[in-house]
Amino acid sequence: MTGLTGQRSHLSLLVGFVAAACGYIFLLEPWGHDTWYHLQRLMDIESQFQSGTLRAYFAENAAQGKGLPVWIYYSQWIYWPPLLLDSLGVGPLVSLKIVYCGLLLTCCAGCYRLLKLHSDGPQAVLGTLLFVTSNYVIGEIFQRSAYAEFFSVAMLPFLLCALNGVLRHGGTAKMAAVVLFSAVMILSHPLSFMNSGYAVVAYGVYVGLRWQLPARRFLTLCALLLLALAITAFYWLPAVVETRFVLGAEGVPKIVKLRTEDQEPAPHEFEAC
């Protein structure tokens, strides 16, 4: 009875936090540092998609229309869910807000499912509450508005659940889930997938040691992760090779500096504007 009461208490706190978080996102604009950047990128992808460009390379509405090739390394596919909502008449900013809330709910569901594999209900709910109220999650959503990163991180708990299933039980569905969630994480934010590699390895070792699993199951898992990398190579491989040529801020036209009449212009003052 005490456990049931504790679970209800933790669940009430979790539901209350998620509701407050969604309300915060919908009522405030902007609610993070990069909100308007993501809105601009969403509208850029929408414009290119309507003109028939399914794979964007140049950001056509950046740098006064000169178009830096930021889509070589920055994911365009994370904007397809809000683009779908926008096509239904929701509006671009509201569409982004809905997807943010959906990602938060996805993160909660995945975290609970993962913890439920190793604990009872009340502990799983409490662990989920502690994770989604951690500085990292709050900073990702409310402070930084790191859409791409959180899109990737929200899939990590489900990836670990699928990893657990492959190592312990096997099965085509579990193997497909590992490939699917790995691919989504890579296509959302490759750096977040790389950073999560430590968690994937640590959790895999934990599962293997706890259940005394044979080494061949880890070979299967490695093959699945390599398959996910192969499927998404069309995106991350050019990003790795070509990103250094994008130049970033160096490619943005420079502002002509003001000078007094008795000053000689420096050579760099009349570079392209």
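Me: How many helices and strands are there in the protein?

Reply: There are 13 helices and zero strands. Keep in mind that this is a predicted model. From the N terminus on, the elements run α-α-α-α-α-α-α-α-α-α-α-α-α.

Me: OK. And how much of the protein counts as buried?

Reply: Of its 273 residues, 43% count as buried.

Me: What about contacts, what share join residues at least 24 apart?

Reply: Take the contacts between residues at least 6 apart in sequence: 70% of those join residues at least 24 apart.

Me: Let's look at some helices. At what angle do helix 2 and helix 4 cross?

Reply: Roughly 115°. Helix 2 covers residues 35-50 and helix 4 covers residues 92-116, and their axes come within 10 Å.

Me: What do you call that, and why?

Reply: Angles of 65 to 115 degrees count as roughly perpendicular, so helix 2 and helix 4 are roughly perpendicular to each other. Their crossing is right-handed.

Me: Which residues meet there?

Reply: From helix 2 you have T35, W36, H38, L39, L42 and M43, and they meet P92, L93, L96 and Y100 of helix 4. Sorted by type, the residues of this contact are eight nonpolar, two polar and no charged.

Me: Some of those numbers are three or four places apart. Why would that matter in an α-helix?

Reply: An α-helix has 3.6 residues a turn, so residues three or four places apart point the same way.

Me: Nice. How do helix 3 and helix 4 pack?

Reply: Their axes are 8 Å apart, and the angle is about 130°. That makes helix 3 and helix 4 oblique to each other. The crossing of helix 3 and helix 4 is right-handed.

Me: And which residues make the contact?

Reply: Helix 3 brings P81, P82, L85 and D86, while helix 4 brings P92, S95, L96, I98 and V99.

Me: Changing topic: where is Q76 found?

Reply: Q76 sits in the loop between helix 2 and helix 3, and helix 3 is residues 80-87.

Me: Is Q76 buried or exposed, and why?

Reply: Buried means under 20% relative accessible area. Q76 has 2% relative accessibility, so it counts as buried.

Me: What does Q76 touch?

Reply: Leaving out residues up to four places away in sequence, Q76 touches I45, L54, R55, A56 and W71. With R55 there's also a polar contact of 3.4 Å between the two side chains.

Me: Which residues does S75 touch?

Reply: L187, S188 and Y235, again not counting residues up to four places away in sequence. A polar atom of the S75 side chain lies 2.5 Å from the backbone oxygen of L187.

Me: Last one: which residues are buried in helix 6?

Reply: In helix 6, residues 135-143, V137, G139, E140, I141 and F142 are buried. S145 follows helix 6, and its phi is positive, near 55°.

Key
Residues are numbered from 1 along each chain as its sequence is written. This is a predicted model: local features need pLDDT of at least 70, side-chain atom pairs count only at pLDDT 80 or more; totals for chains, interfaces and linings use all residues. Side-chain values use heavy atoms; hydrogens and water are left out. Axes are lines fitted to C-alpha atoms, for helices over the stretch in contact, and angles run from 0 to 180 degrees between N-to-C directions. Helices (H or I, at least four residues) and strands (E, at least two) are DSSP runs, numbered from the N terminus. Angles under 35 degrees count as roughly parallel, over 145 as roughly antiparallel, 65 to 115 as roughly perpendicular and the rest as oblique. A crossing is left-handed if the near helix is turned anticlockwise from the far one by less than a right angle, and right-handed if clockwise. Contact means heavy atoms within 4.5 Å. Ala, Val, Leu, Ile, Met, Phe, Trp, Tyr, Cys and Pro count as nonpolar, Asp, Glu, Lys and Arg as charged, and the others, Gly among them, as polar. Buried means under 20% relative accessible area, exposed over 50%, partly exposed in between (1.4 Å probe, protein chains only). A polar contact is a pair of N or O atoms within 3.5 Å; within protein, one must be able to donate a hydrogen and the other to accept it, and residues adjacent in sequence count only if both atoms are side-chain atoms.
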